[in-house]
Amino acid sequence: MTTVHTAPEVTPVHRPSLARLTAVELRKLVDTRAGRWLLVTIGLISAVIVALLLVYAEAPEQTFTVFFSIALLPAGVLLPVLGILSITSEWSQRTALTTFALVPRRERVIAAKLVAVVLAALGSVVTSLAFAAAGTAIAGATGGAGSWRVEGALLAHAVVFQVASVLMGAAFGLLLLNTPLAIVAYLVLPIVWSIVGEVVRPLHRAAEWLDTGRTMEPLLTAEVTVGQWQRLAVSLLVWMVVPLVAGMVRTMRQEVA
């Protein structure tokens, strides 16, 4: 009697969805001490700023709009560093080999990281709203203006401000793939350009279009003109889109050691 051997049934392996990869990347943002303490620091600084406004600001200035605009600043400065860490930690901690072995298509990993930092930026806006609400409630109870009036446009501008900031950080991380170098480049290059544009007279006009310190400042208000949107778009093209595209190309081709 002949025995027939059948091949073992192979269970198909499905690639993880973008949602699952994004959830993993969100976990990575808080799993490391650097990321966790950076988020804590952002929250503490926002709380301190709101408290200082309650103590030292004039009563008419203690409004929801003022509290909200001020509370956005710490995240706007520090969240890009989180964006950098989300990218460069794979290379500094030598986990890129494991990550890209599990998910060979690097563009999906990069997309998940970018979605994760954007979600973190949106979360920072919600947190700023919470701090602003707490400050306004306390101001109303202690004799301040306590006005809850806020323009819907300000909320939309805040989202653009935080998302653009964190994506600029991620772009520098993708381009340089080195944590200290990316952080220094992100913090120093715009400042240097701002100083040069202010000092060198022929560059005054260019600085109005390429200095992100100037072009993003109107986003902290409810009124942004067409000209300001145009200057913002040009500055983000230079400081966010170009490094992001170049960084994605480099990361796709980078050898993993």
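These legends walk through several close-up views of the structure shown above.

The structure is a predicted model, in which local features need pLDDT of at least 70, side-chain atom pairs count only at pLDDT 80 or more, and totals for chains, interfaces and linings use all residues. Residues are numbered from 1 along each chain as its sequence is written, and side-chain values use heavy atoms, with hydrogens and water left out.

**View 1**
Let us begin with α10, a helix of 28 residues covering 226-253. Helices here are DSSP runs of H or I with at least four residues, numbered from the N terminus. From its first C-alpha to its last, α10 reaches 39 Å, close to the 40 Å expected at 1.5 Å a residue; the expected span is 1.5 Å times one less than the number of residues. Look for Leu237, where a kink of about 45 degrees is centred. The bend at a residue is the angle between axes fitted to the seven residues ending there and the seven starting there.

**View 1. The buried residues of α10.**
Among the buried residues of α10 are Leu232, Leu236, Trp239, Pro243 and Thr251. Buried means under 20% relative accessible area, exposed means over 50%, and partly exposed lies in between, using a 1.4 Å probe and protein chains only. The helices that the buried residues of α10 pack against include α3 (64-92), α5 (106-141) and α6 (152-176). Contact means heavy atoms within 4.5 Å.

**View 2. The largest nonpolar core.**
Here you meet a core of 60 residues, and those with the most contacts inside it are Phe68, Leu79, Leu167, Met168, Met216 and Leu236. The helices that each supply at least two residues of this core include α1 (18-31), α2 (33-56), α4 (96-102) and α10. The largest share, 13 residues, comes from α3. A nonpolar core is a set of buried Ala, Val, Leu, Ile, Met, Phe, Trp, Tyr and Cys residues joined through side-chain atoms within 4.5 Å.

**View 3. Glu25 meets Lys113.**
The whole structure holds nine salt bridges, each a side-chain nitrogen of Lys or Arg within 4 Å of a carboxyl oxygen of Asp or Glu. One of them joins Glu25 to Lys113, with the closest N and O atoms 2.9 Å apart. This pair links distant parts of the chain, as Glu25 sits in helix α1 and Lys113 in helix α5, 88 residues apart. Glu25 is buried, with a relative accessible area of 6%, and Lys113 is buried too, at 4%.

Lys28 and Glu90 meet through their side chains in a salt bridge of 2.6 Å, N to O. Because Lys28 lies in helix α1 and Glu90 in helix α3, this pair ties together parts 62 residues apart in sequence. Lys28 is partly exposed at 29% relative accessible area, whereas Glu90 counts as buried at 3%. Glu90 also forms a salt bridge with Lys113, where the closest N and O atoms are 2.9 Å apart. Through shared partners, salt bridges join Glu25, Lys28, Glu90 and Lys113 into one network.
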